[in-house]
Structures are given as C-alpha cells and as structure tokens.
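Subject: Structure for you to look at

Hello,

Here is the structure I said I would pass on.

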Amino acid sequence: MPELPEVETTKRGISPHIINRRVEEIIVRQKKLRWEVPNNLSRDLVGKIIFTVTRRGKYLLLASDKGTLIIHLGMSGSLRIVNKDLIAEKHDHVDVVLENGKALRFTDPRRFGCVLWEASDIDSHPLLNNLGPEPLNDEFASDYLFKASRGRSIAIKAFIMNSKIVVGVGNIYANEALFLAGINPKRPAGKISKTQYDKLVPSIKRILKEAIAVGGTTLRDFTNSSGEPGYFKQSLNVYGRGGENCIRCSNELKEIRLGQRSTVYCTRCQN
DNA sequence: ACTTCGACCTGTTGGC
DNA sequence: TGCCAACAGGTCGAAG
C-alpha cells in the first residue's frame, strides 16, 4: 500500500489525534511482524506523552521523552484512529491506546510492516542511520544523484528505489517519474547524463508532491486514517497500464519485470 | 563495494 | 464453479 505519499497522508491524518496525548495502554495481538514487537514497549511507553509525529522515508516516528516508536507499514499496513473499544479484526495487530478514549490501530495483513522501539538515539537506529536524503529536500538535487550514480551498472529504476540513494520512491512513483522524465527504466544508472538527471529529479519531486496533494494512490485498499481513498490513481500515466496506449504518443505501453517488480514504460517516449 | 535474488506473509485475480 | 499459480504499494540480508 504505502509509498512516501501514502505514509505522509497517514502522518497528517493521525498527528492531530495523538500529539500531546498520553499513552494509556499498548495492546499487542500479534507480535510477529517483520520484526517482533519488543516486549519492553509497554513498560517504556505507557504513561508517556507523544509529543511529535515525524516521517523519515517510509518510517513514521512517534517521539516521547523516553524514546521513539518506529512504525513501518510494509506492503499492506495501515494506521487508523479508532474508539478504543472498537472490536479488533483479524489483522489488527497493535493498538496504542490513548487517554482520550481513542486508539492508534496498526493493521497489516501481510505483516511486512513493523512496530519497534528505540529508547535512546533515534538517528543511530540501524534502520534509519544509512538512509539517503528525503526526495523533497533541496539536498536531493540532480548533481547529487548524478555523482552517486557514476560507475553503477544497476538499472535506473532500481537505483532510485534504493533507500540508501533516496528514500520514499517505491514502485508506482518510480515508474511514473521515469515516464515523466522520458528515461527507459532499464538504462544503467551510471550511463545516464547529467542533463537527464536534471529532468529526473524534478520529475520525482513533482510526482510525489502531486500525489501527496490528493492523498496518495488507492489501488485496492489504501485509505487515509479517516477511511477515505487517495485520488492519485486517476493521474497514473503508466503504472498498471501495460498493454494500453501511451498518453503521449499512443504507442502500446510495455510491461516487464525488473528486479522482481512490475515495470511499465513507453518504448517510444522513454530512451 | 556492488548486484541479484530469496525470504518474509496473506489476499486477490486471472487463466484453465 | 473450483483450483492453482502468479502477483501485490517493501526491503533486508545472504550469496555471488
């Protein structure tokens, strides 16, 4: 479900309900997620106030003065604000119950997501300390990406989906950004010119900003924390359109697998 | 150091 | 209608 725009949409939805709220209880119904939910979570977080909610890449960070809750939504995860006594369903794995009668509920059918706890320095957490820049920050610029790509033979699509290079670009938006920039997803990253990176970087920024502005992309089941879908699906030019016609040149869009991920592009517009 | 690929899970979809 | 393989928004870590 979630790439950066969906995680950002989630963050914006849940923040007003949990900032400056005290945690009353942690309920873990299923601790076997991508990594086990740590046992000391309740001991450390109950009674504490969550004072900020931030996003780093696709990680959501809920900070208290005793440590930080780290949440990743994986492939199928979501977070909602519910009344704390709402009956939990099959894949509702963790509740952070707040003192106002609400709970932050983590749901994840495939359990590729995680709920972790970092009691000390969040920036040195192994999942976070090697991440590349945020794509919407100025630090993510074409000369950075150009330099980082020199000598790399990996396909450009896999390159921009590598979180050590830049965070938050998942399969949907990688396909879309490469279409906008007119770059073939299979091209080796190291053989792409500075001029093309000058197109690619703004394309990535644009696609992410536009998706955030309309609440992300709903393919099957993504909803924001109030249960509403995102509307970016209407703006997808290539993702999910293999075999259909290119919106620019009417050529039939080609669908291939690249690094085990479905990849759609126009052989005429993307070189 | 880099690239590729299996692994982790459940649910849905499409072909026969 | 039923069955089964393939695939789905991620990403770590092992192997080459």
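How many of the 271 residues of chain A, as a percentage, count as buried? The figure is 51%. Keep in mind that this is a predicted model, and that a residue is called buried when its relative accessible area is under 20%.

Overall fold. Chain A has six helices and 11 strands. Its radius of gyration is 20 Å, close to the 18 Å that the globule rule gives for 271 residues, so chain A is as compact as a globular protein of that length. The C-alpha trace spans about 60 × 35 × 30 Å along its principal axes.

Contacts and surface. Take the contacts in chain A between residues at least 6 apart in sequence: 64% of them join residues at least 24 apart.

The largest pocket. Rolling a probe the size of a water molecule over the atoms shows where empty space is left. The largest pocket has a volume of about 1400 Å³. It is lined by 46 residues, and those closest to its centre are Pro2, Lys58, Gly74, Met75 and Arg261. Two or more lining residues come from each of these elements: α4 (156–160), α5 (171–181), β10 (254–258) and β11 (261–265). By type, the lining of the largest pocket holds 21 nonpolar, 14 polar and 11 charged residues.

Regards

Definitions and conventions
Residues are numbered from 1 along each chain as its sequence is written. Chains are lettered from A and ligands numbered from 1 in the order in which they are written. This is a predicted model: local features need pLDDT of at least 70, side-chain atom pairs count only at pLDDT 80 or more; totals for chains, interfaces and linings use all residues. Side-chain values use heavy atoms; hydrogens and water are left out. On a 1 Å grid over the protein atoms alone, a cavity is a set of points where a 1.4 Å probe fits but cannot get out, and a pocket is an open set with protein on both sides within 12 Å along at least five of seven lines; lining residues have an atom within 4 Å of a point. Grid points are joined across faces, edges and corners, and a volume is the space filled by probe spheres set on the points. Helices (H or I, at least four residues) and strands (E, at least two) are DSSP runs, numbered from the N terminus. Ala, Val, Leu, Ile, Met, Phe, Trp, Tyr, Cys and Pro count as nonpolar, Asp, Glu, Lys and Arg as charged, and the others, Gly among them, as polar. The radius of gyration is taken over C-alpha atoms; the globule rule is 2.2 Å times the number of residues to the power 0.38. Buried means under 20% relative accessible area, exposed over 50%, partly exposed in between (1.4 Å probe, protein chains only). Contact means heavy atoms within 4.5 Å.
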